[in-house]
Amino acid sequence: MSERPSGIFSDVHCEEGKVRATLLHDPSVEGLDTAIYMDGSGSMLNEYGEPNLLNKLWCWLTRQQAQRGPNQVDPQIKRMLQYLASKDRNGRLKVAYWACGNGRQVESIGELTAADVETHQFDGPKEFGSGTYLQPCLADFVNYMREQRGQGSQRGCAIIVTDGQLSDLENVKAFNQKIATEINQGTLPPLNFVFVGVGKGVNEDEMEDISHEEYGGIEHMWCHRIAEEMSDLAQMVAVLVDKSMSIASSGRLLDEKGNVLAVYEGQIPAVLEFAVPPGSRKFALEINGTKYEQVIPEDEHH
């Protein structure tokens with residue numbers, strides 16, 4: 001057997017006895033609809049290159065023309081959307097700004113294809129927000145997925161980018177529970193939320209609080225990460241989306257002697273991370289009674 005990944009694996013690494021195996025994503029994201037929501041609150045003005053209030057006031061007093069700075073968001077969102085287009089079931093991605101206006105408004109850009117993204121300029125919302133309310137953003141995505149379900153959607157993934165802390169944490173947690181109930185009842189398809197913070201103003205405790213919530217019958221619904229700089233955003237989103245996607249099936253992970261290393265109920269993560277006994281040469285993933293064996297590559301630590 002070759003050390004190259006087998007038919008269901010796209011990548012396999014081993015270091016110090018710990019294996020990281022990435023499943024091919026095509027079967028796991030079949031029927032996937034994706035959306036991205038960019039923070040439209042006032043704290044994002046500089047990232048979009050918009051002059052802030054003090055700058056505008058100074059320019060007004062000195063009768064100068066306010067100048068735009070570099071737009072750090074536009075190139076990152078374009079990279080993210082190009083990546084997501086390869087996973088979306090019809091290549092049309094919902095794009096919107098959230099936390100606009102009074103902080104509760106969602107300003108939809110529409111559904112964009114990869115070709116649309118090339119020519120669209122992401123300069124921020126028409127009205128930057130005065131607060132950061134996430135629950136309306138979640139409601140907007142849920143309504144979108146209800147519509148898409150009638151058109152063949154089998155699951156949804158929303159990427160939500162923020163640079164600050166939330167104004168409605170408890171409402172968000174209550175709404176998450178409502179989403180989970182609808183998923184379990186079958187009135188909504190499985191949904192994943194990728195929460196990405198940018199910069200030093202993000203409240204990571206809030207993000208962890210949301211991501212660690214447990215919902216009966218659902219293995220996971222949220223994941224989160226913080227990027228120090230806007231330039232790190234696109235790559236981080238790609239990693240998180242890959243990791244959050246799961247195959248909707250049960251399975252078992254076995255070592256080469258047939259011992260069970262892990263059991264997956266309901267969903268198999270797209271990225272399997274596990275330790276193997278010393279000297280192990282291969283492992284197997286068993287799905288619906290079929291075993292997919294994979295040779296473990298040479299330990300990269302040596």
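Me: In the hairpin of β10 and β11, which residue takes a positive phi?

Reply: Gly258 does, with a phi near 90°, and four residues lie between the two strands. Strands here are DSSP runs of E with at least two residues, helices are runs of H or I with at least four, and both are numbered from the N terminus. The model is predicted, so local features need pLDDT of at least 70 and side-chain atom pairs 80 or more, whereas totals for chains, interfaces and linings use all residues. Residues are numbered from 1 along each chain as its sequence is written, and side-chain values use heavy atoms, without hydrogens and water.

Me: How many bridges join β10 to β11?

Reply: Strands pair if DSSP finds at least two bridges between them. Four join β10 (residues 251-255) to β11 (residues 260-264), and the strands run antiparallel. Leu253 stands opposite Ala262 in β11.

Me: How many aromatic pairs are there?

Reply: Rings of Phe, Tyr and Trp (its six-membered ring) pair if their centres lie within 6.5 Å; planes under 30 degrees apart are stacked, over 60 edge-to-face, and the rest tilted. The count by this rule is eight aromatic pairs. One of them joins Tyr48 and Tyr97 edge-to-face, at 5.9 Å centre to centre and 80° between the planes. Tyr48 lies in the loop between β3 (32-39) and α1 (53-61) and Tyr97 in strand β4 (residues 93-100), so this pair ties together parts 49 residues apart in sequence.

Me: Are Tyr48 and Tyr97 buried or exposed?

Reply: Buried means under 20% relative accessible area, exposed over 50%, and partly exposed in between, using a 1.4 Å probe and protein chains only. Both Tyr48 and Tyr97 are buried.
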